[in-house]
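Please find below a colleague's note on the structure shown here. The remarks are set out as numbered points.

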Amino acid sequence: MTKTASTAKDAHIREYLGTPTDLKADAVKEVAAGLADTLADVFALYVKTKNFHWHMSGRHFRDYHLLLDEQSAQIFAMTDPMAERARKIGGTTLHSIGEIGRRTQVADNDALYVTPKDMLAELRDDNLALTTRMRKVHAVCDDANDVATASLLENWIDETERRTWFLFEATRPAFGKND
């Protein structure tokens with residue numbers, strides 16, 4: 001995109017979607033981009049968690065099925081506040097499934113069969129990676145003096161760490177053994 005086209009696009013967004021804020025324009029752009037990237041991961045992780053919930057099998061079926069249902073609901077609950085936060089500060093957010101696919105760092109898993117242990121381990125690693133991404137966006141918020149977005153991220157990081165912990169505990173090879 002040329003500089004002129006980019007400037008015209010930014011002006012159009014400000015005119016039709018702009019929201020008053022005391023944050024600097026560059027900060028809004030960076031925070032909103034970080035939130036959009038994170039939101040793409042959240043949507044992808046939600047679908048992946050639901051996929052594994054639907055395809056769970058084995059002797060711990062009920063426990064794992066309920067765990068993943070609980071976790072997917074918690075993940076989905078992040079989506080609207082995250083998108084609306086970007087809009088509150090005058091930014092934009094995701095527009096399509098295609099954009100989610102382009103922005104997400106969560107790898108697809110459309111295998112016909114995945115063992116329960118592998119499902120939980122994959123989700124554990126995905127949640128851990130989501131925590132890392134949210135910490136990076138938090139740093140952007142700190143630089144922008146965007147305490148409200150940072151505060152939301154702190155709660156989501158805590159929730160994501162809890163999911164990671166539960167998935168870690170469910171994948172331990174033996175009771176009381178730390179890896």
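The points that follow concern one arginine and the aromatic ring pairs of this predicted model.

1. Arginine 133 lies in helix H5, which spans residues 116-144. Its relative accessible area is 11%, and because the limit for a buried residue is under 20%, arginine 133 counts as buried.

2. Which residues does arginine 133 contact once neighbours within four places in sequence are set aside? They are Asp37, Thr38, Asp41, Arg103, Thr104 and Gln105.

3. The count of aromatic pairs comes to two. In one of them, the ring centres of tyrosine 46 and phenylalanine 76 are 5.0 Å apart and the planes stand at 45°, so this pair is classed as tilted. The pair joins distant parts of the chain, with tyrosine 46 in helix H2 (residues 25-54) and phenylalanine 76 in helix H3 (residues 61-88), 30 residues apart.

4. Tryptophan 165 and phenylalanine 166 form another pair, with ring centres 5.2 Å apart. Their planes meet at 80°, and because an angle over 60 degrees counts as edge-to-face, the pair is assigned to that class.

Key: Residues numbered from 1 in each chain as written. Predicted model: local features only at pLDDT ≥ 70, side-chain atom pairs only at ≥ 80, totals over all residues. Heavy atoms only, no water. Helix = DSSP H or I, 4+ residues; strand = E, 2+ residues; numbered from the N terminus. Buried < 20%, exposed > 50% of the residue type's maximum accessible area, 1.4 Å probe, protein only. Contact = heavy atoms within 4.5 Å. Phe/Tyr/Trp six-rings, centres within 6.5 Å; stacked < 30°, edge-to-face > 60°.
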